[in-house]
Amino acid sequence: MEENTPFVIEAAGMLIRTARENAGLKQGQLASMAGLKESTIQKIETSIIKPELDAARKIEKILDIKIIDTYDDSEKSKHFNLDDENITIGDLIKFKKSND
């Protein structure tokens, strides 16, 4: 069974700021509507932090934008972290066979 993991996209801050400004809202107004602090909105818009998924969902609805995407967990098996110090030759062989 494939499962998708939601995540907030990298450009979320920029998209939120643009949509908020286009909607004629001040940061404090958006913060109040989303149940967040104005300083949190400032940090999100300047990409210092990303909003948590719950906050991102609220912001999506308020501003009518899409800032949450999904990562297909089945894709994890197609990638291998070669920086992992615990990788064995056997791991590499299994990985190669499973992706042929």
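## Gln 27 in helix α2

Gln 27 touches Arg 20, Glu 38, Ile 41, Gln 42 and Glu 45, leaving out residues up to four places away in sequence; contact here means heavy atoms within 4.5 Å. Gln 27 belongs to helix α2. Helices (H or I, at least four residues) and strands (E, at least two) are DSSP runs, numbered from the N terminus. With a relative accessible area of 16%, Gln 27 is buried. Buried means under 20% relative accessible area, exposed over 50%, and partly exposed in between (1.4 Å probe, protein chains only).

The model is a predicted one, in which local features need pLDDT of at least 70 and side-chain atom pairs count only at pLDDT 80 or more, while totals for chains, interfaces and linings use all residues. Residues are numbered from 1 along each chain as its sequence is written, and side-chain values use heavy atoms, with hydrogens and water left out.

## The chain as a whole

The protein chain has five helices and two strands. Along the sequence they follow the pattern β-α-α-α-α-β-α. Of its 100 residues, 23% count as buried. The chain exposes about 7,300 Å², and carbon and sulfur atoms supply 51% of this; the areas come from the Shrake-Rupley method with a 1.4 Å probe, and for residues only the protein chains shown count as cover. Among contacts between residues at least 6 apart in sequence, 58% join residues at least 24 apart.

## The buried side of α3

Helix α3 spans residues 38–45, and its residues Ile 41, Ile 44 and Glu 45 are buried. They lie on the same side of α3, because they cover an arc of only 95° around the axis. The arc is that of the directions from the helix axis to the C-beta atoms. An α-helix has 3.6 residues a turn, so residues three or four places apart point the same way. The buried residues of α3 pack against α1 (12–22), α2 (27–34) and α4 (53–63).

Glu 45 has a relative accessible area of 6%. Its side chain makes a polar contact with the side chain of Gln 27 at 2.7 Å. A polar contact is a pair of N or O atoms within 3.5 Å; within protein, one must be able to donate a hydrogen and the other to accept it, and residues adjacent in sequence count only if both atoms are side-chain atoms. Apart from neighbours within four places in sequence, Glu 45 also has contacts that include Gly 13, Met 14, Ile 16 and Arg 17.

Leu 30 is in helix α2 and is buried, at 0% relative accessibility. Residues up to four places away aside, Leu 30 touches Ile 16, Arg 20, Ile 41, Ile 62 and Leu 63. Leu 30 and Ile 41 are eleven residues apart in sequence and 7.7 Å apart in space, C-alpha to C-alpha.

The contacts between α2 and α4 join Leu 30, Met 33 and Ala 34 to Lys 58, Ile 59, Ile 62 and Leu 63. The two helix axes come within 9 Å and cross at roughly 115°. Axes are lines fitted to C-alpha atoms, for helices over the stretch in contact, and angles run from 0 to 180 degrees between N-to-C directions.

## Two positive phi angles

Most residues other than glycine have a negative phi. Ser 47 is not a glycine, yet has a positive phi of about 60°. Ser 47 sits in the loop between α3 and α4 and is partly exposed, with a relative accessible area of 48%.

Asp 64 also has a positive phi, near 55°. Asp 64 is in the loop between α4 and β2 (68–72), and at 71% relative accessibility it counts as exposed.
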